[in-house]
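Here is a short note to read alongside the structure. Take the points in order and find each part in the viewer as you go.

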Amino acid sequence: MAAIGVVLAAGCGGTPPQPAAPPDPPAAPYEVSAPVSAAVNAIKEAPAVRAALAAIANDEPRAIADQIAINQIPAPPFKEDQRGADYLRRLTETGLEDVHRDKEGNVYGVRRGTGGGPTMFVSAHLDTVFPEGTDVTVTQQDGKLYGPGIADDARGLTAVLVIARALRDAGVQTKGDIVLGATVGEEGLGNLRGVKAFFAENPGIDGFVTIEPGEPEHVAYEGTGSRRYEIAFAGPGGHSFGDFGRPSAIHAMGRAITKISEIRPPATPRTTFTVGTVAGGTSVNSIAGAAKMQVDMRSNDPGELTKLEAQLLPMATAGAQEENARWNAAAEGGVTVQTTLIGDRPAGTQDRNSPIVQAAFAAPAALGLNPALQPASSTDANVPLNLGIPAVMLGGGGKAGNTHSSTDKEWFDPTDAHLGPQNAMLVALSMVGLAGETPVEPLLPNR
Ligand SMILES: [Zn+2]
């Protein structure tokens with residue numbers, strides 16, 4: 001799974017590279033049903049779509065120029081405004097209707113269908129993981145592009161533009177509407193705030209594609225949810241010798257960690273936890289008056305995540321109570337616990353044979369690629385999946401590496417990158433259906 005590890009790292013969403021993360025790949029080989037296969041192939045062969053596919057291939061030099069220009073506008077977490085304003089201009093130029101920036105900072109517009117079909121949202125994310133002041137200049141060497149964010153997600157943002165232009169230039173008529181755009185707050189402590197706001201504002205969306213760095217044949221259809229807490233322990237503190245007999249914040253936290261480390265979550269659905277960081281104490285000869293830890297919990301199943309959290313959080317309080325009891329300290333003068341939620345990404349899954357997953361498998365096959373289902377990831381797709389809305393994460397094309405890295409330069413190899421937007425466009429079209437001279441019914445049901 002080494003190659004996939006690279007792609008997963010690129011899948012971002014605050015997910016650091018996880019080379020050893022054992023995925024739970026589907027056991028049975030994946031089969032696309034005959035109706036889905038027929039629909040995707042009919043769409044691919046429709047004259048207007050053939051023209052759009054060709055337009056995407058021809059647009060590649062301009063796409064790479066866009067990708068570089070977009071990347072060179074910094075978009076640190078919570079500071080996507082400048083890139084958002086530029087992207088709004090770019091989206092407007094593609095001829096979409098009602099291009100606007102919402103209150104949260106998401107930028108999107110709509111391409112109307114002939115009516116009666118479902119509505120798809122195809123997007124990428126504006127933000128990067130890189131803090132303000134990071135040099136986001138793009139350099140080129142041996143045919144590759146180098147720069148923080150050049151793949152994640154400057155490639156996705158570019159793919160969305162390329163699709164919008166191709167649909168316009170080829171005059172593709174769809175039955176349902178396609179909303180195209182970009183979200184804020186996908187990475188890290190952004191906690192998917194953009195996509196959360198989007199779906200709160202737009203309850204009529206029936207399906208979702210997020211484009212992330214990676215190869216187009218890789219299909220992720222499950223979202224790993226996470227809940228992260230900072231748990232702070234506060235006590236009276238004191239001198240290690242003179243005040244011996246007082247409860248210690250560090251000892252209390254140690255008791256809590258001992259309990260937490262014994263939790264045994266299910267292997268399937270994959271559910272995990274870790275105490276990721278600890279800090280505290282004043283000096284070696286002090287009874288600690290303060291200590292804190294950060295805890296990460298993840299699951300592909302929302303119910304299991306809730307269960308894990310309900311089991312883990314009381315262990316912090318129990319650790320403090322035990323510590324206070326050990327020293328006969330009253331609760332008021334003893335160690336107390338404060339818990340702060342610092343990360344919240346909803347989990348979500350769907351039937352792997354749902355139409356959108358089927359289409360996401362059929363489209364790369366139609367383009368001559370070898371599709372493969374991927375382990376769950378943590379991206380904008382988590383939010384619709386959690387809401388029960390069909391969603392997939394698709395690769396934007398080309399190859400990528402060192403995403404999220406602060407030490408090694410993120411790179412993007414544009415070889416055959418046009419396959420990314422071609423593939424995502426085919427998936428979106430199969431969802432909303434074709435109108436015009438060669439109609440194809442939408443595969444995506446209206447909700
Ligand atoms: Zn990303």
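1. A definition first: two strands pair if DSSP finds at least two bridges between them. With that in hand, look at strand 9 (residues 225-234) and strand 13 (residues 290-299), which pair in the antiparallel sense over 10 bridges. Gly 225 stands opposite Ser 299 in strand 13. Strand 13 also pairs with strand 11 (residues 271-280), again in the antiparallel sense, over nine bridges. There, Val 275 has Val 295 as its bridge partner.

2. Now step back to the whole chain, and keep in mind that this is a predicted model. The protein holds 12 helices and 18 strands. Its radius of gyration is 24 Å, close to the 22 Å that the globule rule gives for 447 residues, so the protein is as compact as a globular protein of that length. The C-alpha trace spans about 85 × 45 × 40 Å along the principal axes. Buried residues account for 53% of the 447 residues. Among contacts between residues at least 6 apart in sequence, 80% join residues at least 24 apart.

3. How is the protein divided into domains? Domain 1 takes in 2-223 + 348-432, and domain 2 is 225-345. Their centres, taken over C-alpha atoms, are separated by 39 Å. The contact between them takes 12 residues from domain 1 and 11 residues from domain 2. On the side of domain 1 that touches domain 2 there are three nonpolar, seven polar and two charged residues.

4. Next comes an open sheet of eight strands, with the order 1-2-6-3-7-16-8-15 and mixed pairing. Why is one side of strand 1 (97-101) and of strand 15 (372-373) left without a neighbour in the sheet? These two strands stand at the edges, and each has a single partner strand, so one side of each has no neighbour there. Elsewhere in the order, strand 3 (residues 119-125) and strand 7 (residues 207-212) run parallel and are joined by four bridges. Phe 121 stands opposite Phe 208 in strand 7.

5. The largest nonpolar core has 85 residues, and Ala 52, Val 160, Ile 163, Val 392 and Ala 428 touch the most other members. Helix 6 (residues 154-170) gives the most to this core, with 11 residues. Not counting residues up to four places away in sequence, Ile 163 touches Val 122, Leu 180, Pro 421, Ala 424 and Met 425. A second, separate core has 25 residues, including Phe 233, Ala 249, Leu 305 and Val 337.

6. Last, is Leu 369 buried or partly exposed? Leu 369 has 17 C-beta neighbours inside 10 Å, so it counts as partly exposed. Leu 369 lies in the loop between helix 10 (355-366) and strand 15. Leaving aside neighbours within four places in sequence, Leu 369 is in contact with Pro 216, Glu 217, Pro 364 and Leu 419. From Leu 369 to Val 99 the separation is 270 residues in sequence and 33 Å in space, C-alpha to C-alpha.

Terms used. Residues are numbered from 1 along each chain as its sequence is written. This is a predicted model: local features need pLDDT of at least 70, side-chain atom pairs count only at pLDDT 80 or more; totals for chains, interfaces and linings use all residues. A nonpolar core is a set of buried Ala, Val, Leu, Ile, Met, Phe, Trp, Tyr and Cys residues joined through C-beta atoms within 7 Å. A residue is buried if 20 or more other C-beta atoms lie within 10 Å of its own, exposed if 12 or fewer, and partly exposed in between; C-beta atoms are placed from the backbone. Two residues are in contact if their C-beta atoms, placed from the backbone, lie within 7 Å. The radius of gyration is taken over C-alpha atoms; the globule rule is 2.2 Å times the number of residues to the power 0.38. Domain bounds come from an automatic or database domain assignment. Ala, Val, Leu, Ile, Met, Phe, Trp, Tyr, Cys and Pro count as nonpolar, Asp, Glu, Lys and Arg as charged, and the others, Gly among them, as polar.
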